[in-house]
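Please examine the sequence and the structure shown below. The report that follows describes selected features in turn.

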Amino acid sequence: MTGQGTSMYGLPGSINFMVKAEFTVSGTMAEVHATSDVKPALSISNADEALIVIAIDTNYVRYDDLSADPNEKVTQTLANVQGKTFDAMLEAHVEDHSALFGRVNISLGEPSSNTFLPTNIRKDLEDGPDADQDIFALYAQYGRYLGIASSRNTEPSNLQGIWNQVLSPDWGSKHTVNINQQMNSWFAEPLNVAETLDPLWSLISEVAERGKIDALQTYNISRGWVCHHNTGIWRDSAPIDAAFYGFWPYAPAWLLQHMYEHYAFNPDPQSSFLKNTVYPLMKGLSEFYMDFLVEAPLDVEPNGYIVPNPSMSPEHGIGNYNDTNVSLTYGQSVFLTVTRHSTHFQLLKWIGSTIDNSWVLPISLLNVPPIDNLFLQPSARSI
């Protein structure tokens, strides 16, 4: 079966995909029949066992390359498992999964009678955690399972993940990087499945490629890169959707916090990942912010702090003015948090002094207002 992605905004879909299925049956009386009428079908009868192997793939290579042949890709996938029994494939799957999942055991107290109830009952117990505190261990392991299953050798886990079943899903099944993508990634380092972040590193690096262009076209800033509140397989970096939530060029600073944490959990100063991936991304982003930030009005803040303008909280708004929920202001606290108080900028200072003596983090980048001394109105302080 072949197909094409949906058209949008008058443009045809550019993703082509193919699905192939191979059937293996056993049994002396097994029969396989194919029909080719209006609704082609295949029927299997009198079989002791029927093994159906399905492969699906697309022409997608990366955001700027759609040159792959879906037929070649699915054919190779099927060839890789040709001749293998169901038990052999299951064993390989379990071995691969358990190598990651089995690293962590979580116990939050002695099991109770509620521990052994079905999950759909446990989650709705009237006394909540008092009735079943160990359900939070199950919840953490469930998060690890989702990451292991959906974020290896593919895209990073996104809004629907690999379980999306429709061509035009809600929110485009994209990567919402003003909170959702970060939430999908928080567990990876502390719960010992850092491998699930490998697709995220690729996404950030590719977004930065497009983000250099959008920094120039949107802000007339020639240094560094930027992205906003949402991206996807096309590595969108420009503001999209409405200004109320789309005009948020601070997502990269939050995303790069994951790179800092990746280093913090395995600090290797000689790491090629640190030197060749993390440092260029952090350096470029800091240069963009240096050219984007402006000095706050001196009649409001006399200390010469620099602030982002315009600025906003992700999808939150700052108040209602003339029956309109307004989101844009300047110096929003969430940006101050991901600059002044983000540890990855401290790592950037160290990397710069260690491997690139020609460039140091300008001290003025850290000259943003301290969180405990914000000068904006209370309604503008919300994250």
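How many nonpolar, polar and charged residues does the lining of the second largest pocket have?

## The second largest pocket

The structure discussed here is a predicted model. By class, the lining of the second largest pocket holds 9 nonpolar and 8 polar residues, and no charged residues. The space in this pocket amounts to about 400 Å³. Its lining is made up of 17 residues, of which Y142, G143, L146, N184 and F187 are the closest to the centre of the pocket.

Two helical stretches deserve attention here. The elements that contribute two or more residues to the lining of the second largest pocket are α4 (135–150) and α5 (180–185). The largest share, 7 residues, is supplied by α4.

## The largest cavity

About 60 Å³ of space lies in the largest cavity. The residues that line the largest cavity are G147, S151, P156, S157, N184, S185, F187, T196, L197 and L200. Divided by class, this lining has 4 nonpolar residues, 6 polar residues and no charged residues.

## The chain as a whole

The protein chain contains 11 helices and 11 strands. Of its 383 residues, 40% count as buried. Among contacts in the chain with a separation of 6 or more, 60% are between residues 24 or more positions apart.

## An open antiparallel sheet

As a general principle, strands of a sheet pair through backbone hydrogen bonds, either parallel or antiparallel.

The pairing can be followed strand by strand. Between β1 and β2, which run antiparallel, there are 3 bridges; here Q4 stands opposite N16 in β2. Strand β2 (residues 16–26) is also paired with β5 in the antiparallel sense, over 10 bridges. Within that pairing, V19 has I56 in β5 as its bridge partner, and K20 stands opposite A55 in β5. In general, the side chains of a regular strand alternate between the two faces of the sheet.

S150 belongs to helix α4. Is S150 buried or exposed? With a relative accessibility of 3%, S150 counts as buried, because buried means under 20% relative accessible area. Leaving out residues up to four places away in sequence, S150 touches E155, S157, I162 and W163. One of these, W163, is 13 residues from S150 in sequence, and the C-alpha atoms of the two are 8.3 Å apart in space.

E206 lies in helix α6 (residues 198–219). The relative accessible area of E206 is 12%, and this residue is therefore buried. Apart from its neighbours within four places in sequence, E206 is in contact with R62, Y63 and R235.

T176 is placed in strand β6 (residues 175–176). Its relative accessible area is 8%, so T176 is buried. Which residues does T176 touch, not counting residues up to four places away in sequence? They are L159, Q181, Q182, H229, N230 and E315.

T339 is part of helix α10 (residues 333–340). At 1% relative accessibility, T339 also counts as buried. T339 and N367 are 28 residues apart in sequence, while the distance between them in space is 9.5 Å, C-alpha to C-alpha.

Definitions and conventions:
Residues numbered from 1 in each chain as written. Predicted model: local features only at pLDDT ≥ 70, side-chain atom pairs only at ≥ 80, totals over all residues. Heavy atoms only, no water. Pairing = 2+ DSSP bridges. Helix = DSSP H or I, 4+ residues; strand = E, 2+ residues; numbered from the N terminus. 1 Å grid on protein atoms, 1.4 Å probe; cavity = no way out; pocket = protein on both sides within 12 Å on 5 of 7 lines; lining within 4 Å. Points joined across faces, edges and corners; volume = space filled by probe spheres on them. Nonpolar A, V, L, I, M, F, W, Y, C, P; charged D, E, K, R; others polar. Buried < 20%, exposed > 50% of the residue type's maximum accessible area, 1.4 Å probe, protein only. Contact = heavy atoms within 4.5 Å.
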